[in-house]
Amino acid sequence: LFTNPVVASVRFGAKSPTGGVNVDSEVVPIGEGQWDLEFYGDVGRSFTSFPGYANLSLGYRVRTRNDRFNFKPGDEASLLLEGGWALIPRLMAKGTIDYLYSGHPKSLGFTFTSQRRELLTVAPGFLYTPMSDLTIEALIRLPLRGQGFPAGPQFSLGLSYSIDLAGNVDR
């Protein structure tokens, strides 16, 4: 299992406070009005003994203070395990286990110990590749445990298309 090479990467990201912040309890907000800085480490590999792959991603999100509302969301740590297996040519089954845990938010000098966010989900799905550059992904994300997030399953349908800017013929 661990004798062949793995692929590793480091990712960085930032989310800026764009648009208005909605504090209505009946509406899920698009954002929370502050900067978020994300740092992730990923490692993964495909297997030669069977047509499959496995990935591990560990991340940390630094959530800055929203000065307009004097609110600082808790920083978040995340873990994602993903694996897939080619069932037949062009069709792959995949699954993820995703865990997110946040620190306690703070506002007006108070720490809200009951308001931290936590979410554990599993997401089984399929990838279909009708042509070499096009992939269609369908999955359902099922929450197993959590607090501070909207409840219920999420259905996802994705489409990706690869463009080779280098002009390579063999892939």
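Residues are numbered from 1 along each chain as its sequence is written. Because this is a predicted model, local features need pLDDT of at least 70 and side-chain atom pairs count only at pLDDT 80 or more, while totals for chains, interfaces and linings use all residues; side-chain values use heavy atoms, without hydrogens and water.

Strands here are DSSP runs of E with at least two residues, numbered from the N terminus, and two strands pair if DSSP finds at least two bridges between them.

| Strand | Partner | Bridges |
|---|---|---|
| β5 (residues 76–88) | β6 (residues 91–102) | 12 bridges |
| β6 | β9 (residues 118–131) | 11 bridges |
| β7 (residues 106–107) | β8 | two bridges |

Let us look at β5 and β6 in detail. They form a hairpin with two residues between them, and R90 in the turn has a positive phi of about 80°. W85 has A93 in β6 as its bridge partner.

Elsewhere, β4, β7 and β8 make an open antiparallel sheet in the order β4-β7-β8. Its edge strands, β4 (71–72) and β8 (110–111), each pair on one side only. S107 finds its bridge partner, F110, in β8.

Now to the surface. V10, F12, W35, L37 and F39 form a nonpolar patch there, with about 540 Å² of accessible area together (Shrake-Rupley method, 1.4 Å probe, with only the protein chains shown counting as cover for residues). β1 (7–15) and β2 (36–46) are the elements that give two or more residues to the nonpolar patch. V10 lies in strand β1 and is exposed, at 60% relative accessible area (exposed means over 50%).

How values were computed:
Patches are made of residues with over 30% relative accessible area and no salt bridge: like charges are joined within 9 Å, nonpolar side chains (Val, Leu, Ile, Met, Phe, Trp, Tyr) within 5 Å. A salt bridge is a side-chain nitrogen of Lys or Arg within 4 Å of a carboxyl oxygen of Asp or Glu. Helices (H or I, at least four residues) and strands (E, at least two) are DSSP runs, numbered from the N terminus. Buried means under 20% relative accessible area, exposed over 50%, partly exposed in between (1.4 Å probe, protein chains only).
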